[in-house]
Amino acid sequence: MFMTLREFRVHAYLALNLSFISVILLIFLYSLTFSAEKNNHPIPSFYSRFTGRESPTAGLSKSFSEIIRGRWVTGRNWNENGIPLFSFFLIQLFLRLGSSVLVLKTKVSVFILARIDGFLSFLLFLYFFRHLIAFWHYF
């Protein structure tokens, strides 16, 4: 009738991982659906629209569209941050999948795993987004 604390933690951790997996897959699907060649990306840059300046993320959607098709050089030409950010999301996808399997197949402590996972993800974020974190000096 009632869940144990471990069952609650497992459900919460898996729900969070499933949410992240879904978002990452939607990003990749968006990148596959729209192409840099056709220039048909439907989401405009709000930063550019409101400030009149180009942001460091300009061309990122086109970059992802090229990278997911295996065109790494063209992807880098659209935005130099494209490959690091794409790599971050790809690594996160595999981390989410791997940690979910680990939780389902073993008796690993979700309490400890979640903390290690969170810390590792934070470090990965700082590393792969390091060039964009300086973006905030534009404000």
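Helices (H or I, at least four residues) and strands (E, at least two) are DSSP runs, numbered from the N terminus. The structure is a predicted model, in which local features need pLDDT of at least 70 and side-chain atom pairs count only at pLDDT 80 or more, while totals for chains, interfaces and linings use all residues. Residue numbers start from 1 along each chain as its sequence is written, and side-chain values use heavy atoms, with hydrogens and water left out.

Figure 1. The largest pocket has a volume of about 690 Å³. A pocket is found on a 1 Å grid over the protein atoms alone, as an open set of points where a 1.4 Å probe fits, with protein on both sides within 12 Å along at least five of seven lines; lining residues have an atom within 4 Å of a point. The volume is the space filled by probe spheres set on the points, which are joined across faces, edges and corners. The lining comprises 29 residues, and Thr57, Ala58, Gly59, Leu60 and Ser61 lie nearest the centre of the pocket. Two or more lining residues come from each of helix 1 (5–33), helix 2 (46–51), helix 3 (60–68) and helix 5 (82–105). Helix 3 supplies the largest share, four residues. By class, 16 lining residues are nonpolar, 10 are polar and three are charged. In this scheme Ala, Val, Leu, Ile, Met, Phe, Trp, Tyr, Cys and Pro are nonpolar, Asp, Glu, Lys and Arg are charged, and the others, Gly among them, are polar.

**Figure 2. Two salt bridges.** The model contains two salt bridges, each defined by a side-chain nitrogen of Lys or Arg within 4 Å of a carboxyl oxygen of Asp or Glu. Arginine 96 pairs with aspartate 117, with 2.6 Å between the closest N and O atoms. This pair links distant parts of the chain, since arginine 96 lies in helix 5 and aspartate 117 in helix 6, 21 residues apart. Both arginine 96 and aspartate 117 are buried; buried means under 20% relative accessible area, exposed over 50%, and partly exposed in between (1.4 Å probe, protein chains only). In the other salt bridge, arginine 71 meets glutamate 66, with the closest N and O atoms 3.1 Å apart. Glutamate 66 is buried because its relative accessible area is 3%, whereas arginine 71, at 31%, is partly exposed.

**Figure 3. A nonpolar surface patch.** Phe119, Phe122, Leu123, Phe125, Leu126 and Ile133 make a nonpolar surface patch of about 540 Å². Patches consist of residues with over 30% relative accessible area and no salt bridge; like charges are joined within 9 Å, and nonpolar side chains (Val, Leu, Ile, Met, Phe, Trp, Tyr) within 5 Å. Helix 6 (residues 110–128) contributes the most to the patch, with five residues. Leucine 126 lies in helix 6 and counts as partly exposed because its relative accessibility is 35%.

**Figure 4. Loop residues.** Asparagine 81 is located in the loop between helix 4 (72–78) and helix 5, and its relative accessibility of 7% makes it buried. Its C-alpha atom is separated by 9.8 Å from that of alanine 58, 23 residues apart along the chain. Proline 56 occupies the loop between helix 2 and helix 3 and is partly exposed, at 22% relative accessible area. Proline 56 and asparagine 79 are 23 residues apart in sequence, with a C-alpha to C-alpha distance of 8.0 Å.

Note on methods:
Areas by Shrake-Rupley, 256 points an atom, 1.4 Å probe, with all protein chains shown as cover.
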